[in-house]
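Dear colleague,

I am passing on the structure we spoke about, with the sequence alongside. Please have it open while you read the notes that follow.

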Amino acid sequence: MNIILLGPPGAGKGTQADRLVSERGMVQLSTGDMLRAAVKAGTPVGLKAKAVMDAGELVSDEIVSALIGDKLTEMGPDKGAIFDGYPRTAAQAESLDAILEAHGRRLDHVVELAVDEDALVERITGRFTCAVCGAGYHDKFKLPKVEGTCDVCGSHDFKRRPDDNEETVRTRMAEYRAKTAPILPIYEARGLVSRVDGMAPIGEVGAAIDAILDG
Ligand code: AP5
């Protein structure tokens, strides 16, 4: 099964993708994570992407579509793919069609996480992750079970993203409204879109997604 999780910054795409990976053995293809890894490694792609990401703007379509194509080749044909944060423009949606066809895959669902943008600022500015294993947490909505200790790997080292400040978040949301939301009708016309209330608690959002994938 191949699905797209679509929604503005902080909608919960990464949170739900993590769960689908651990519960269903699917593979998460997050262009944001791939770009952050490239920045950290100081690759040519990372060097180009850093300033764009720090400003909350979109990295070029060619770069992100190449990352997705490479990852699909690397993961092989057997596991389902969760596209998280991709596609984000009409050009990327077109590229994804071609990439999926080249890999003998088809899209099964586009899950739109519908959210209230003002609440997202609180979600994003409260977000932090384990610096060792990447497990995600939130100051208010998802604290580690033991304060200061990662539930997954036991590390005491946490980090926050440089683009998770209010000003950059507002730019990221404006980019979503201008360039990403307009691709929904492409998938609606194909009957692929299901809308989920992304403001519900994390477990309820997960249950709603499961119902779509199993329905
Ligand atoms: P990217 O990494 O994709 O960031 P984003 O789309 O802004 O999404 P986020 O990761 O911020 O949010 P999310 O929806 O995954 O939310 P999460 O689950 O963490 O992109 C970063 C940058 O990279 C872009 O700005 C751009 O520059 C570049 N880029 C990436 N892809 C690109 C592309 N395709 N084309 C061009 N450029 C690209 O949840 C947020 C917080 O809320 C967490 O703390 C979580 O615990 C909490 N939470 C989640 N769900 C709930 C809930 N239901 N209730 C309460 N709290 C919740």
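Helix α2 gives the most to the shell around the ligand, contributing four residues; helices (H or I, at least four residues) and strands (E, at least two) are DSSP runs numbered from the N terminus. Please bear in mind that this is a predicted model, in which local features need pLDDT of at least 70 and side-chain atom pairs count only at pLDDT 80 or more, while totals for chains, interfaces and linings use all residues. Residues are numbered from 1 along each chain as its sequence is written, and side-chain values use heavy atoms, with hydrogens and water left out.

In total, 34 residues surround the ligand, and the closest are T15, E57, R88, R127 and R172; a residue counts here if one of its heavy atoms lies within 4 Å of the ligand. By class, the shell divides into 15 nonpolar, 10 polar and nine charged residues, where Ala, Val, Leu, Ile, Met, Phe, Trp, Tyr, Cys and Pro count as nonpolar, Asp, Glu, Lys and Arg as charged, and the others, Gly among them, as polar.

A polar side-chain atom of T31 lies 2.8 Å from a nitrogen atom of the ligand, and a backbone N or O atom of G10 is 2.8 Å from a ligand oxygen atom. The protein covers 95% of the 1000 Å² of accessible area that the ligand has on its own (Shrake-Rupley method, 1.4 Å probe).

Helix α2 (residues 31–41) also packs with helix α4 (residues 61–75) at an angle of about 100°, their axes being 10 Å apart; axes are lines fitted to C-alpha atoms over the stretch in contact, and angles run from 0 to 180 degrees between N-to-C directions. That makes α2 roughly perpendicular to α4, a term used for 65 to 115 degrees. T31, M34 and L35 of α2 meet I63, V64, L67, I68 and K71 of α4, contact meaning heavy atoms within 4.5 Å.

With best wishes

Conventions
Parallel < 35°, antiparallel > 145°, perpendicular 65-115°, else oblique. Polar contact = N/O pair within 3.5 Å; in protein donor to acceptor, adjacent residues only side chain to side chain.
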